[in-house]
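Please keep the sequence and the coordinates in view while reading.

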Amino acid sequence: SHATSFEVHEEEKSRLVGNVFSSVASSYDLMNDIMSVGLHRLWKDRLVSKLNPFPGMKHLDVAGGTGDVAFRILEALNSVKHRATQDVLEDNLHEETQIIVCDINPNMLNVGKKRAMERGLGEDKSLIWVEGDAEDLKFEDNSLDGYTIAFGIRNVTHIEKVLAEAYSRVLKRGGRFLCLELNHVEVPVFKELYDYYSFSVIPAVGELVAGDRNSYQYLVESICRFPSQETFVSLIAAAGFQKVEYENLVGGVVAIHSGLKF
Ligand code: SAM
């Protein structure tokens with residue numbers, strides 16, 4: 001079946017990604033916790049601490065799904081706000097803060113909105129949910145201070161288009177790009193264990209918990225197809241970004257790539 005082929009046609013890929021995330025939306029957060037043994041929480045914390053959000057910032061979290069990264073950014077900003085002595089001033093600044101979650105899949109966004117409500121963020125005006133495609137963003141030129149994409153760029157059809165939208169269009173000068181993504185493990189022995197875990201355990205758990213082996217099989221294959229850490233650095237630099245670098249976490253199971261728009 002197409003889900004097990006490594007040569008997925010482009011249209012096929014878009015359709016598949018749509019199906020995958022529609023069918024996993026309701027079990028997405030639980031599956032994340034199970035498959036990463038909770039580690040995705042620490043990886044997202046690390047992403048947000050590298051971003052170092054500031055009050056008043058306009059930030060876009062692309063492929064933001066059910067809101068994990070956006071919630072962390074808001075938490076970070078709220079703790080800054082509570083520490084501040086000039087509360088009134090900070091409140092004014094906070095009014096203008098915009099943390100935008102953009103995702104192509106409305107099911108994922110709906111799960112996110114529900115979670116926001118449960119967290120008491122339902123009325124928070126700085127949290128904005130937008131349905132949209134990373135390859136063709138509907139935001140103004142040079143309008144954003146920050147851009148994050150977590151476990152999202154692996155699923156898009158044209159990585160180059162996504163990077164070009166970030167660099168040449170939506171980010172302001174001085175704006176930062178940060179990408180958290182499952183990457184390539186090169187550490188011997190650990191690599192073999194990790195491959196076994198990816199190809200045998202994950203699809204089986206997907207079937208058991210989400211009743212959906214194919215979607216999780218697809219996710220594992222998309223990790224293999226994704227460019228290596230160094231190749232991805234070149235792609236980000238080719239889009240125009242400066243100071244491109246990355247940090248491996250857990251031996252490269254995930255990496256955080258970053259770049260600046262000067
Ligand atoms: N960032 C969230 C997180 O870390 O929990 C969600 C990651 S989830 C693995 C990948 C998300 O990418 C899905 O919600 C999917 O709908 C979204 N996605 C896939 N292709 C996209 C595109 N072209 N533009 C925007 N979002 C996309």
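**From the annotated site to the strands**

D103 lies in strand 2, which spans residues 98-103; helices (H or I, at least four residues) and strands (E, at least two) are DSSP runs, numbered from the N terminus. The model is a predicted one, in which local features need pLDDT of at least 70 and side-chain atom pairs count only at pLDDT 80 or more, whereas totals for chains, interfaces and linings use all residues. Residue numbers start from 1 along each chain as its sequence is written.

D103 counts as buried because it has 24 C-beta neighbours inside 10 Å. The term buried requires 20 or more other C-beta atoms within 10 Å of the residue's own, exposed means 12 or fewer, and partly exposed lies in between, with C-beta atoms placed from the backbone. Not counting residues up to four places away in sequence, D103 touches A63, G64, G65, M108, L109 and E131; a contact requires C-beta atoms, placed from the backbone, to lie within 7 Å.

The UniProt annotation "binding site", from an unreviewed entry, covers D103 together with T66, D133 and A134. UniProt positions are given in the numbering used here, feature names are shortened, and annotations may be inferred rather than shown by experiment. D133 is placed in the loop between strand 3 (127-131) and strand 4 (144-150). Because D133 has 18 C-beta neighbours inside 10 Å, it counts as partly exposed.

The ligand itself is surrounded by 20 residues, and the closest are A63, G65, N105, A134 and A150; a residue is near a molecule if its C-beta atom, placed from the backbone, lies within 6 Å of it. Helix 1 (10-24) and helix 4 (68-83) each contribute at least two residues to this shell. By class, the shell comprises eleven nonpolar, five polar and four charged residues. Here Ala, Val, Leu, Ile, Met, Phe, Trp, Tyr, Cys and Pro count as nonpolar, Asp, Glu, Lys and Arg as charged, and the others, Gly among them, as polar.

Strand 4 is largely enclosed by the rest of the structure, because six of its seven residues are buried. Strand 4 runs parallel to strand 1 (residues 58-62), to which four bridges join it; strands pair if DSSP finds at least two bridges between them. Within this pairing, D61 stands opposite T148. Strand 4 is also joined to strand 5 (residues 171-182) by six bridges, again in parallel, and G146 has R176 in strand 5 as its bridge partner.

A further pairing involves strand 6 (residues 242-249) and strand 7 (residues 254-260), which are antiparallel over six bridges. E245 stands opposite S258 in strand 7. The two strands form a hairpin with four residues between them, and V250 in the turn has a positive phi of about 50°.

F232 belongs to helix 10 (residues 229-238) and counts as buried because 22 C-beta neighbours lie inside 10 Å. Leaving aside neighbours within four places in sequence, F232 is in contact with P227 and H257. F232 and Y246 are 14 residues apart in sequence and 9.4 Å apart in space, C-alpha to C-alpha.

As to confidence, the protein chain has a mean pLDDT of 90, with 90% of its residues at 70 or more; pLDDT is the predictor's confidence in each residue, from 0 to 100. Over residues 1-6 the pLDDT is below 50, and this stretch has eight contacts in the model beyond near neighbours in sequence. For the complex, the predictor gives an ipTM of 0.99 and a pTM of 0.90.

Methods:
Contact = placed C-beta atoms within 7 Å.
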